[in-house]
Amino acid sequence: MKYNHSDPFELIQILGSITPLSLPFQERLADQIQTESHSTKDLLLRPGDVARRIYFIKEGFLRSFSIDEQGKECTSWFMGKNDLMISVYSFFTQQPAEEYIEVLENCVLQSLTWGQLQSYYADFNEGNLIGRILTEKYYILSEERSIFIRTKTPEERYKIFREKYGQIEQLTTQSNIASYLGITRETLSRIRSRLARLNFAS
């Protein structure tokens, strides 16, 4: 991990898109934002750790995953440039995590701590609104994923996934993608083969 002094403007801009930020709030953010670089396969979080930071992805690609009782990896999220990445339960409750956060592509991250966010809630009206919107966002994403798994066929899931993530298959394994889609790698292989044949025929 390497720390640098990259311009915090992008993260301030992202937060400012939620609600206008006062100048004192912007100045404190600029002073406290930490920028760091990570290499592929680095782990930002492991089970048992408490998630202390919320990350803004300036560059790169990450995923979160857990390991079930059979030792199988289960991917929960993929996040890329301009996304915010956290272990939702661990960060908001400050309890030990049950998941990993892994770097899939060399990345530059900007982050703030849970404690810093709490101080923003206390000191700035807009801090409270930002905290609420972020919490709602990740609740909605979690609900959307649950509906996605329950109501879409495996082939529909894969098509939606490809539309959303584009060239992701160059960044991670078919096993990781299958676990995100809630299907086996063999099922994913059959879907990909069938779609390839249809594309070729057309």
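**The lining of the largest cavity**

Guide: The lining of the largest cavity consists of 9 nonpolar residues and 1 polar residue, with no charged ones. Nonpolar here covers Ala, Val, Leu, Ile, Met, Phe, Trp, Tyr, Cys and Pro; charged covers Asp, Glu, Lys and Arg; the others, Gly among them, are polar. The model is predicted, so local features need pLDDT of at least 70 and side-chain atom pairs pLDDT 80 or more, while totals for chains, interfaces and linings use all residues. Residues are numbered from 1 along each chain as its sequence is written, and side-chain values use heavy atoms, leaving out hydrogens and water.

The search of the whole structure returns 1 cavity of 30 Å³ or more, and the volume of the largest cavity is about 60 Å³. A cavity is a set of points on a 1 Å grid over the protein atoms alone where a 1.4 Å probe fits but cannot get out, and lining residues have an atom within 4 Å of a point. Points are joined across faces, edges and corners, and the volume is the space filled by probe spheres set on them.

The residues around this cavity are Leu-11, Leu-15, Ile-54, Tyr-55, Phe-56, Leu-84, Gln-110, Leu-112, Leu-117 and Leu-134. Two or more of the lining residues come from each of α1 (9-16), β4 and β7 (100-113). The biggest share belongs to β4, with 3 residues. Helices (H or I, at least four residues) and strands (E, at least two) are DSSP runs, numbered from the N terminus.

Thr-35 belongs to strand β2 (residues 34-38) and counts as buried because its relative accessibility is 4%. Buried means under 20% relative accessible area, exposed over 50%, and partly exposed in between, with a 1.4 Å probe and protein chains only. In β2 as a whole, 4 of its 5 residues are buried, so the strand is mostly covered. Strands β2 and β7 run antiparallel and are joined by 5 bridges, where pairing requires at least two bridges found by DSSP.

Most residues other than glycine have a negative phi. Lys-41 counts as exposed because its relative accessibility is 64%.

Strand β4 leads in another direction. The strand spans residues 53-67 and runs antiparallel to β5 (residues 73-79), with 6 bridges between them. Leu-62 stands opposite Met-79 of β5. The hairpin of β4 and β5 has 5 residues between the strands, and there Gly-71 takes a positive phi near 85°. Within β5 lies Cys-74, which at 26% relative accessibility counts as partly exposed. The C-alpha atom of Cys-74 is 9.4 Å from that of Leu-181, although 107 residues separate them along the chain. In the loop between β5 and β6 (84-85) sits Asn-82, a residue other than glycine with a positive phi of about 75°. Asn-82 is partly exposed, at 39% relative accessibility.

Strand β5 also gives two or more residues to the lining of the largest pocket, as do α5 (125-151) and α6 (154-165). A pocket is an open set of grid points with protein on both sides within 12 Å along at least five of seven lines. The volume of the largest pocket is about 280 Å³. Of its 14 lining residues, Leu-141, Glu-144, Lys-164, Tyr-165 and Tyr-180 are the closest to its centre. The largest contribution to the pocket lining comes from α5, with 5 residues. The pocket lining divides into 9 nonpolar and 5 charged residues, with no polar ones.

Helix α5 also contains Asn-128, partly exposed at 42% relative accessibility. The side chain of Asn-128 comes to 2.8 Å from the backbone oxygen of Tyr-121. From Asn-128 to Leu-181 the C-alpha distance is 34 Å, with the two residues 53 apart in sequence.

Conventions. Polar contact = N/O pair within 3.5 Å; in protein donor to acceptor, adjacent residues only side chain to side chain.
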